[in-house]
Amino acid sequence: MYYNENKTQMEIADEFQTTRFKVAKWLQLARDEQIVEIIIHSPNVRCSKIEKKLKEYFGLNHVLVLNSQNVPHQDLIKQIGVLAAEHLTKVIKKDTVVGVCWGKSIHSCISQVKPNNFLPITVVQLLGDMIKENRMVESKQLTNMLATKYNGKFKYLNLPLYINDAELREKILS
């Protein structure tokens with residue numbers, strides 16, 4: 001009622017013949033129990049001056065820099081993911097080959113990707129695997145996740161990230 005019907009706590013209290021204090025407690029309990037989740041959608045504010053300088057200095061075609069000054073630390077990875085996903089969705093076209101590595105930022109980006117339609121793309125794992133606590137941020141899972149969103153193909157690099165044996169490393173590279 002408070003969230004869906006825009007009623008005040010006092011109006012709800014009157015309807016249930018209770019106090020506004022109890023209604024406030026119920027609302028807090030709903031948030032604590034994650035029945036209600038409050039999400040503030042702040043716009044991705046970019047740093048266009050820094051983007052321009054980086055673009056010119058390195059001769060790049062596309063540069064995105066998120067202004068993180070007003071982004072709470074716990075939301076930073078998600079906001080980076082949103083910005084990256086918006087860009088990725090714009091640049092992926094039919095028959096695009098996308099290389100994927102691993103990490104929380106890459107996971108955040110791929111999680112936020114919302115393709116407009118299925119495209120025949122190929123997603124390629126760029127790095128070998130390293131066992132992580134959170135398998136969702138590993139390159140194989142992320143490669144599959146992005147390919148699945150587009151109903152595309154994926155190719156794994158079935159190697160470890162590090163190979164300590166020099167002889168074995170040379171055999172693999174040759």
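Colleague: Okay, a crossing is left-handed if the near helix is turned anticlockwise from the far one by less than a right angle, and right-handed if clockwise. With that in mind, is the crossing of α5 and α6 left-handed or right-handed?

Modeller: The crossing of α5 and α6 is left-handed. Bear in mind that this is a predicted model.

Colleague: Noted. At what angle do α5 and α6 pack?

Modeller: About 15 degrees, and the axes of α5 and α6 are 10 Å apart. Angles under 35 degrees count as roughly parallel, so α5 is roughly parallel to α6.

Colleague: Which residues of α5 and α6 make the contact?

Modeller: From α5 you have Ile106, His107, Ile110 and Ser111, and from α6 there are Leu142, Met145, Leu146 and Lys149. In that contact of α5 with α6, 5 residues are nonpolar, 2 polar and 1 charged.

Colleague: And the pair α4 and α5, at what angle do they pack?

Modeller: Helix α4, residues 76-91, packs on helix α5, residues 104-112, at about 55 degrees, and their axes are 7 Å apart. That angle makes α4 oblique to α5.

Colleague: Is the crossing of α4 and α5 left-handed or right-handed?

Modeller: For α4 and α5 the crossing is right-handed. The residues of their contact divide into 6 nonpolar, 4 polar and 2 charged.

Colleague: Which residues of α4 meet which residues of α5?

Modeller: On the α4 side it's Ile77, Lys78, Gly81, Val82, Ala84, Ala85 and Leu88, and they meet Lys104, Ser105, Ser108, Cys109 and Gln112 on the α5 side.

Colleague: Let me zoom in on Lys78. What does Lys78 touch, not counting residues up to four places away in sequence?

Modeller: Lys78 touches Ser108 and Gln112 on that count. Lys78 and Ser105 are 27 residues apart in sequence, with 7.7 Å between their C-alpha atoms.

Colleague: Is Lys78 buried, exposed or partly exposed?

Modeller: Lys78 is partly exposed, since its relative accessible area is 42%.

Colleague: New topic: α3. How many of its residues are buried?

Modeller: Of the 11 residues in α3, the number buried is 1, so α3 lies largely in the open. Glu51 sits in α3, residues 48-58, and Glu51 is buried because its relative accessible area is 7%.

Colleague: Interesting! What polar contact does the side chain of Glu51 make?

Modeller: The Glu51 side chain makes one with the side chain of Arg46, at 2.8 Å. Neighbours within four places in sequence aside, Glu51 is in contact with Arg46, Val63, Leu64 and Val65.

Colleague: What follows α3?

Modeller: Gly59 does, and its phi is positive, near 65 degrees.

Colleague: Where are Gln34 and Asn151 found?

Modeller: Both are in loops. Gln34 is in the one between α2 (20-32) and α3, while Asn151 is in the one between α6 (139-150) and β3.

Colleague: Is Gln34 buried or exposed, and what about Asn151?

Modeller: Gln34 is exposed, because its relative accessible area is 69%. Asn151 counts as exposed too, because its relative accessibility is 57%.

Colleague: With which residues is Ile163 in contact, leaving aside its neighbours within four places in sequence?

Modeller: Those are Leu168, Arg169 and Ile172. As for Gly128, its C-alpha is 9.7 Å from that of Ile163, and the two are 35 residues apart in sequence.

Definitions and conventions:
Residues are numbered from 1 along each chain as its sequence is written. This is a predicted model: local features need pLDDT of at least 70, side-chain atom pairs count only at pLDDT 80 or more; totals for chains, interfaces and linings use all residues. Side-chain values use heavy atoms; hydrogens and water are left out. Contact means heavy atoms within 4.5 Å. Axes are lines fitted to C-alpha atoms, for helices over the stretch in contact, and angles run from 0 to 180 degrees between N-to-C directions. Helices (H or I, at least four residues) and strands (E, at least two) are DSSP runs, numbered from the N terminus. Angles under 35 degrees count as roughly parallel, over 145 as roughly antiparallel, 65 to 115 as roughly perpendicular and the rest as oblique. Ala, Val, Leu, Ile, Met, Phe, Trp, Tyr, Cys and Pro count as nonpolar, Asp, Glu, Lys and Arg as charged, and the others, Gly among them, as polar. Buried means under 20% relative accessible area, exposed over 50%, partly exposed in between (1.4 Å probe, protein chains only). A polar contact is a pair of N or O atoms within 3.5 Å; within protein, one must be able to donate a hydrogen and the other to accept it, and residues adjacent in sequence count only if both atoms are side-chain atoms.
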